Amino acid sequence: MIRVLAGSVLVIVTILLVPSVEKALFFLPLIFALSVSLVNTDKFKLNKVLGIIISVVQSYLVFLGLGIVLYFFDEWIQNITNGGSSEVEGVALITLGGYLVALLLFYFYSYLFKEINSKFSFRVISVCNIAVIIVMLVFSKNEYLQFGVEKFPAYLISWCIFMSLAYSLSLNKELFNKKIKSK
């Protein structure tokens with residue numbers, strides 16, 4: 001069970017050690033990729049070092065791609081609504097974007113890691129994404145995830161924590177099932 005939680009703990013410790021939020025946001029894809037790949041090096045289909053490097057590159061490409069898509073989608077929403085986007089549109093945009101990143105990274109990781117159960121992983125990723133949304137609703141009042149608000153970094157950090165947990169659960173399903181059955 002320690003192996004399942006190690007990725008999330010690694011994200012939390014790393015975020016606490018980074019001196020500023022801006023630097024943490026730049027390194028977030030790296031932190032996320034390392035939190036998943038370092039804990040699960042024995043699950044790689046490839047060489048361990050090559051697997052870690054590919055994991056980091058995939059993470060940066062997916063985060064960059066999502067950032068570009070969300071930027072254009074946000075512009076498109078503002079053009080449709082004549083420049084006035086509401087809070088609900090910002091919530092939907094960020095929530096959907098975070099979920100798409102999680103699924104896209106899972107798709108790429110399915111080629112990188114062995115023994116991934118797609119059905120179980122999809123459920124775990126969905127539950128962890130809902131947990132991120134609940135955490136953000138609890139810890140932010142009226143300014144939930146609007147662009148330009150200081151709540152967005154908190155969303156990204158909580159996303160990394162919960163999604164590293166989801167991927168660790170997906171990659172270590174047999175350990176998780178054994179622990180649940182023993183209780």
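Author: Let us begin with a single side chain in this predicted model. Leaving aside residues up to four places away in sequence, Tyr167 touches Phe32, Val36, Val101, Ala102, Leu103, Leu105, Phe106, Tyr109 and Ile125.

Reader: Which residues have the most contacts inside the largest nonpolar core?

Author: As a general idea, nonpolar side chains in soluble globular proteins tend to be buried together. Here the largest nonpolar core has 41 residues, and those with the most contacts inside it are Phe32, Leu105, Tyr109, Ile125, Trp159, Met163 and Tyr167. At least two residues of this core come from each of the helices H1 (2–17), H2 (21–37), H3 (48–80), H4 (87–112), H5 and H6 (151–171), and H6 gives the most, with twelve residues.

Reader: How many disulfides does the structure hold?

Author: A disulfide is a covalent bond between the sulfur atoms of two cysteines. The structure holds zero disulfides. As for burial, Cys128 is buried, with a relative accessible area of 7%, and Cys160 is buried as well, at 0%.

Reader: Where in the protein chain is confidence lowest, and where is it highest?

Author: Where pLDDT is low, the predicted coordinates should not be read in detail. The protein chain has a mean pLDDT of 78, with 77% of its residues reaching 70 or more. Confidence is lowest in helix H7 (residues 173–182), at a mean of 74, whereas helix H5 (residues 118–139) has the highest, at 85. Over residues 144–149 pLDDT stays under 50, and for this stretch the model has 17 contacts beyond four places in sequence.

Note on methods:
Residues numbered from 1 in each chain as written. Predicted model: local features only at pLDDT ≥ 70, side-chain atom pairs only at ≥ 80, totals over all residues. Heavy atoms only, no water. Disulfide = S-S within 2.5 Å. Buried < 20%, exposed > 50% of the residue type's maximum accessible area, 1.4 Å probe, protein only. pLDDT = per-residue confidence, 0-100. Helix = DSSP H or I, 4+ residues; strand = E, 2+ residues; numbered from the N terminus. Contact = heavy atoms within 4.5 Å. Core = buried A, V, L, I, M, F, W, Y, C linked by side-chain atoms within 4.5 Å.
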